[in-house]
Amino acid sequence: MSGLNKGVGKVEVSLKWDPSPAGAPAHDLDLVAAVYTADAPYGPPAYLVHFDSRSPDGTITLHRDSRTGQGLGYDESMTLELTRLAPRYARVVVGVAVQQGGGRLTFGQVARTGVRVREGYTDLLDDGLASVADATAATVAEFVREGASDASEEWDFRPLLRGFDIDPSTFGTVMGARPA
């Protein structure tokens, strides 16, 4: 749960990594958000937001999508306006997937990975993904609205660092499943 008194409202999730070595295939990491309904918070996602999609209501937006990690600082950025989500949605899980175009690649094989979850100027999470170094995909955070039938309910932030050894398309279908 967040240490913030009023829950979280609008957050930015940012992802960084260094480019691959010269002559090697590009490292491409992607932010993914899965949105779940109140009646199936651990079921299949109602929808996913990733590099080639957006939320139907404009509440989750991917602002930057890097295919190489080139640039200074954070290479990808996603904004989640949780307080604008319809009352039927009770859970949002955010994760990172490594594209596997150049062969199997884990977070530990990508230099200087990092993910940050921030509300305003407050960092809720800042992690280098070392705990999921052997994974090809990982969840990093979840946002939960208890009693989602009332839109006034507040959203809570929970770190959710959990690694998966699966391809990006499968990751979207299982990233929000209840841990075994």
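Reply: Let us begin with Arg112, which is found in the loop between strand 6 (89-98) and strand 7. Strands here are DSSP runs (E, at least two residues), numbered from the N terminus. Arg112 has a positive phi of about 50°, although it is not a glycine. This is a predicted model, in which local features need pLDDT of at least 70 and side-chain atom pairs count only at pLDDT 80 or more, whereas totals for chains, interfaces and linings use all residues. Residues are numbered from 1 along each chain as its sequence is written, and side-chain values use heavy atoms, with hydrogens and water left out.

Me: Is Arg112 buried or exposed?

Reply: Buried means under 20% relative accessible area, exposed over 50%, and partly exposed in between (1.4 Å probe, protein chains only). Arg112 counts as exposed because its relative accessibility is 63%.

Me: Where is Leu129 found?

Reply: Leu129 is found in the loop between strand 8 (122-127) and strand 9. Leu129 also has a positive phi, of about 65°, and is not a glycine. Leu129 is buried, with a relative accessible area of 1%.

Me: How many aromatic pairs does the count come to?

Reply: Rings of Phe, Tyr and Trp (its six-membered ring) pair if their centres lie within 6.5 Å; planes under 30 degrees apart count as stacked, over 60 as edge-to-face and the rest as tilted. By this rule the count comes to 3 aromatic pairs. One of them joins Phe143 and Phe157, with ring centres 5.6 Å apart and planes at 45°, so the pair is tilted. Phe143 lies in strand 9 (residues 137-145) and Phe157 in strand 10 (residues 155-164), so the pair ties together parts that are 14 residues apart in sequence. Phe143 is buried at 0% relative accessibility, and Phe157 is buried at 4%. The rings of Phe164 and Phe171 have centres 5.4 Å apart and planes at 65°, so that pair is edge-to-face.

Me: Which residue lies over the face of Tyr42?

Reply: A charge sits over a ring if NZ of Lys or CZ of Arg is within 6 Å of the ring centre and within 35 degrees of the ring normal. Arg178 lies over the face of Tyr42, at 3.8 Å from the ring centre. The charged end of Arg91 sits over the ring of Tyr36, 5.3 Å from its centre.

Me: What is the mean pLDDT of the protein?

Reply: pLDDT is the predictor's confidence in each residue, from 0 to 100. The protein has a mean pLDDT of 87, and 88% of its residues reach 70 or more.

Definitions and conventions:
Helix = DSSP H or I, 4+ residues; strand = E, 2+ residues; numbered from the N terminus.
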